[in-house]
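Subject: A structure to look at, with notes

Dear colleague,

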Amino acid sequence: DANQDDIPVKSRKLQEIHPIEKEEILQELEKIVEKKEKLEISEKEENLDSGMEILDQLQSIFKSYPLWTANLPYTSFLTLKFNAISNRGTVTGGAGFIGSHTVVELLEAGHHVTVIDDCSNTAPPARVGGIPPSLERVQQIVGPLMAKRLKFVLGDVTDPQDLDFAFGLKKKHAVIHFAGLKAVGESKEKPLSYYRVNQGGSVALLEAMERANCTNIIFSSSATVYQPAKTIDDLPLSEDSPTGGTTNPYARSKLHVEEILADACVANSNLSVVNLRYFNPVGAHESGLIGEDPRGIPNNLMPYVSQVAIGRRPHLNVFGSDYQTHDGTGMRDYIHVVDLAKGHLAAMRRFNSHTKSRGFESYNLGTGQGTSVLELVKAFREASGKEIPTVFTERRAGDVAWLWCAPNKALKDLDWKATRDISDMCRDMWRFQFRSMNPSGYVTDNSEERESNMSSEISDDDLDESKRSDSGLSSDEDNATILPKLKFTMSPAKSIFHRYLNKLTSSKKHHGL
Ligand SMILES: CC(=O)N[C@H]1[C@@H](OP(=O)(O)OP(=O)(O)OC[C@H]2O[C@@H](n3ccc(=O)[nH]c3=O)[C@H](O)[C@@H]2O)O[C@H](CO)[C@@H](O)[C@@H]1O
């Protein structure tokens, strides 16, 4: 039997928490309620930062005790109040690899998120009106309360009607535009599809933003827009390094969209575009619940290595061993997808009204470190404990020897930098691939099994539907579509809550709710 004192309070179930600790937690909540009530006197934008700070504290309590806090009426009440200070955003392509990780960060930061995705490159919802498995897992990560802030639209980014629907009735503060096709090889076979979706989708989105009077957009661009480095002296790439010299329709589509966005800013002086140039995004969320789930044979290195480690592929083909690098293999700036996702949240700061920077600006999101193919294989071997056989083959057409960035501008303007290294990236990718039972990705995931696992912690008898429907959240337009399928339990410490419930009931009346 483990000594209770050795177990961090956050990882214990409420039943195992000592009454004195419970009381302390309640006091923490009470302090938050008081601070929030003071804040409500004025819900203007200057209050955003302090509001977010309070929300952070509240969020950490919700996350630590999800089953306990989810069904408390005052939790819903507080959340409703926070709606006034949190932002609403539309995320195109939010069910995909980078999109889903960014949605986690947005929800955890208190934003309301509407995802529009056609699920052409991720597993679709299992039933009509459902949400894709990747977003179900996002809901699991953020917990039932924040999950209610997520809305999903199965739609096509090139279709004006779908876009108008996603923008909905409530004004959206910003758009993050991930939706697009991204396979270099395929782009050479189907250039028109790439131009229709990537350029066409971006133009349709900008027009929909105009109709919805939304003037902030973050664009998902790529390091591929830079001219290939001729010598190592061309590295690291800064935002001022020359672009162009692209070798495939995918890369050209990214560069064209950057130009389209810059032109749109010239024509509309209210428009703010934060153009993020990603280096090589890899890894997965540390929960092991979401990650990259490529269909078919992976094109990119990390997913391929991971599939070799798990035994789905016999060996890795290392493309080229004669590059001018220390071990002869190509070097890249791999960035953990969670760092990248946090970069989007940091980019949102450019849209705050008091610091709003209008016009088009670009930022590199990378670590600034180059890692060779063989170094990555070694790190993955260490993280997984598995052999990863390698076979050296010819260079892949279009590959460069070196690609890494100087990420200083993002640090200076966005106060963002990557904090996870290559071993973190391999560890989290491996956890997603293996430890969380995802040997074949999302598609074979058994959601029924997952639900029964979750409900084993709770009891149907404790389910209190009336309290749930009483929550302010269910009447909110943006939350009406998605209600997480989780079942909640009422805390065994019900009696302790009576005074809070009374207090908040009177408070609710006071606020006319
Ligand atoms: C030419 C190409 O496809 N470029 C795309 C690729 O970048 P990039 O080529 O940098 O990324 P990859 O993950 O495909 O490759 C990284 C490195 O691993 C090597 N490698 C890759 C796979 C493999 O099976 N064996 C192997 O040795 C490559 O030669 C390269 O040196 O993905 C990026 C997204 O992440 C895109 O923005 C790039 O446009």
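This is a predicted model: local features need pLDDT of at least 70, side-chain atom pairs count only at pLDDT 80 or more; totals for chains, interfaces and linings use all residues.

Residues are numbered from 1 along each chain as its sequence is written, and side-chain values use heavy atoms, with hydrogens and water left out.

The surroundings of the ligand

There are 19 residues around the ligand, and L301, N317, R332, R396 and D399 come nearest (a residue is near a molecule or strand if one of its heavy atoms lies within 4 Å of it). By type, the shell around the ligand divides into nine nonpolar, seven polar and three charged residues; here Ala, Val, Leu, Ile, Met, Phe, Trp, Tyr, Cys and Pro count as nonpolar, Asp, Glu, Lys and Arg as charged, and the others, Gly among them, as polar. Strands β7 (280-282) and β8 (316-319) each supply at least two residues of this shell, and the largest share, four residues, comes from β8. Helices (H or I, at least four residues) and strands (E, at least two) are DSSP runs, numbered from the N terminus. On the side-chain side, a polar atom of S222 lies 3.2 Å from an oxygen atom of the ligand, and a polar side-chain atom of T224 lies 3.5 Å from an oxygen atom of the ligand.

The protein as a whole

The protein has 18 helices and 14 strands, and of its 513 residues 54% count as buried, a word that means under 20% relative accessible area, with exposed meaning over 50% and partly exposed in between (1.4 Å probe, protein chains only). Among contacts between residues at least 6 apart in sequence, 81% join residues at least 24 apart, where contact means heavy atoms within 4.5 Å. The protein exposes about 23,100 Å², of which carbon and sulfur atoms supply 51%.

Helix α7

In helix α7 (residues 160-167), L163, A166 and F167 are buried. Seen down the axis of α7, its buried residues fall within an arc of 100°, so they line one face of the helix; the arc is that of the directions from the helix axis to the C-beta atoms. These buried residues pack against β1 (88-92), β2 (112-117), β3 (150-154), β4 (174-177) and α9, whereas the face turned away from the buried side carries the exposed residues Q161 and F165. At the N-terminal end, D159 caps α7, with a side-chain oxygen 2.7 Å from the backbone nitrogen of Q161, and just after the helix G168 takes a positive phi of about 60°.

Two residues of helix α9

N198 lies in helix α9 (residues 191-212), and at 5% relative accessibility N198 counts as buried. The side chain of N198 makes a polar contact with the side chain of S253 (3.0 Å); a polar contact is a pair of N or O atoms within 3.5 Å, and within protein one must be able to donate a hydrogen and the other to accept it, while residues adjacent in sequence count only if both atoms are side-chain atoms. Q199 also lies in α9 and is buried, with a relative accessible area of 11%.

Two further residues

F392 is found in strand β13 (residues 390-393) and, at 45% relative accessibility, counts as partly exposed. F392 and V318 are 74 residues apart in sequence, yet 4.8 Å apart in space, C-alpha to C-alpha.

G366 is found in the loop between β11 (359-365) and β12 (371-372) and is buried, with a relative accessible area of 1%. Leaving out residues up to four places away in sequence, G366 touches F279, D333, I335, C405, P407, W416 and A418.

With best wishes

Note on methods
Accessible areas come from the Shrake-Rupley method with a 1.4 Å probe; for residues, only the protein chains shown count as cover.
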